[in-house]
Amino acid sequence: MKLWGGRFTKETNELVHNFNESISFDRKFYRQDIAGSIAHVTMLAKQGILTEEERDAITAGLKGIREDLDSGKLAITTEHEDIHSFVEAVLTERVGEAGKKLHTGRSRNDQVALDMRLYTRDEIDEMDGLLKGLLEELLKLMEENLHTYMPGFTHLQKAQPVTLAHHLGAYYEMFRRDRSRLSDIRKRMNYCPLGSGALAGTTYPLDRAYTAELLGFDGPTLNSMDSVSDRDYLIELLAALSTIAMHLSRFSEEIIIWNSNEYRFVEMDDSYSTGSSIMPQKKNPDIAELIRGKAGRVYGALVSMLTVMKGIPLAYDKDLQEDKELTFDAIDTVKGCLLLFTGMISTMTFRKDVMEESAKKGFTNATDAADYLVNHGVPFRDAHGIIGQLVLMCIERNISLDELSLEDYRSVCPVFGEDIYDAISMKTCVEKRMTIGAPGAEAMKQVLEIYKKELEA
């Protein structure tokens, strides 16, 4: 069945039908299509455009179709052009003439615009739940690792000591912003396009505000041409998904590095690793690598959508059908990545001893050693040079600053006393950094309380 055809005398060429159809992918939002139709006929009856009997027959028919599709009793067939024509055809078969009145005061243009908004809104809510789950796992790991010392890096070079909690907190902030972005998109897109018609509204006395209320929108859209051709919210969503994918990719890259033989900061759980077909010793971080790789796939959807939209004149054009497969794939990809990533980090083992030893051997306490001299009256530029000489001495002997004797220290600068060892211990270096946002345990505890309250809210 087609929702058009009266002015056509020939059947559509099969290749044209196959190229034009969307039911192979827009079947994904049959629940949203049916929900929109139920709201539409409820409004039509309220306005006296349909009788209450017609409304009840159509509503019962639509609910029956939804139940049969949910259970698998009814299958969506590809002989129909799209999900809208499929639902209407089945409805008419089941309830008769009343089914033909479903489309009163409505076009496929505003219908598909509604379905896509409803589907996107549902997916945003689901994705927000997955991000919240990831944040909860990160929060748990942060609480467990307030005193797990490790090197902080710049330029992939060991820089200053931090804690694992602080390092994970940087990613917590990223995913926290991701939730905020999704919330902003949901708020901005939450207006109902139904009632816009093909592009110029309708002569029927529709109550668009009532339809919007029934479907949980904040109100109706205010321009019918924009309503049927707007896909800004999808571009925003794909940009947000690309950012989430980028954050997951960055984190995965670090885990891959930390899992390497050279670092050994983490041990991947067997359930999130794979082996080699030829090298029996291998344990590969394939999940992290795949998540890193899939970021490019999500970026591709964003660029494709921007390219589709850049030359579309008002109002609706068939190009807009391209929005669905791109968006569906990006959503499914990011949801899968979030789920797997959360499971992966929840099963990882952190090698705390190796992390702390790496921080010591990387001279991450060199800045604190220089600060020690400054606090004893040595100008910073001189202190910088003195510590540089001591680092060179350590490199030549393959030891850390902690392992130098007091005589070694005093051979370069007599200012050093016994208290230098406490001043450059990992604990001191980290714990004395107490400003909000720093890695000291007390500062971190304040931040963790903020995070907890947000998650509870």
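Biologist: How many helices and strands does the chain have?

Modeller: This is a predicted model, and its chain has 19 helices and four strands.

Biologist: Why is the chain called more spread out than a compact globule?

Modeller: The globule rule gives 23 Å for 457 residues, whereas the radius of gyration of the chain is 31 Å, well over that value, so the chain is described as more spread out than a compact globule. Along the principal axes, the C-alpha atoms fill a box of roughly 100 × 50 × 40 Å.

Biologist: What makes T333 count as buried or exposed?

Modeller: Buried means under 20% relative accessible area, and because the value for T333 is 9%, T333 is buried. This residue is found in helix α12, which covers residues 323-347, and, leaving aside residues up to four places away in sequence, T333 touches K294, R297 and V298.

Biologist: How many aromatic pairs are there, and what makes the pair of Y263 and F265 edge-to-face?

Modeller: The count comes to 12 aromatic pairs. For Y263 and F265 the centres are 5.3 Å apart and the planes are at 80 degrees; since ring centres must lie within 6.5 Å and an angle over 60 degrees counts as edge-to-face, the pair of Y263 and F265 is edge-to-face. F265 has a relative accessibility of 1%, so F265 counts as buried, and together with F153, W258 and Y263 it forms one aromatic cluster.

Biologist: What are the burial classes of Y409 and Y421?

Modeller: Y409 is buried, because its relative accessible area is 1%, whereas Y421, with a relative accessible area of 25%, is partly exposed, since that class lies between the 20% and 50% cut-offs.

Biologist: How do you know that the charged end of R121 sits over the ring of F217?

Modeller: The distance part of the criterion asks for CZ of Arg within 6 Å of the ring centre, and the charged end of R121 is 4.6 Å from the centre of the F217 ring. The charged end of K28 likewise sits over the ring of F328, 5.8 Å from its centre.

Methods. Residues numbered from 1 in each chain as written. Predicted model: local features only at pLDDT ≥ 70, side-chain atom pairs only at ≥ 80, totals over all residues. Heavy atoms only, no water. Helix = DSSP H or I, 4+ residues; strand = E, 2+ residues; numbered from the N terminus. Buried < 20%, exposed > 50% of the residue type's maximum accessible area, 1.4 Å probe, protein only. Contact = heavy atoms within 4.5 Å. Phe/Tyr/Trp six-rings, centres within 6.5 Å; stacked < 30°, edge-to-face > 60°. Lys NZ or Arg CZ within 6 Å of the ring centre and 35° of its normal. Rg over C-alpha atoms; globule rule 2.2 N^0.38 Å.
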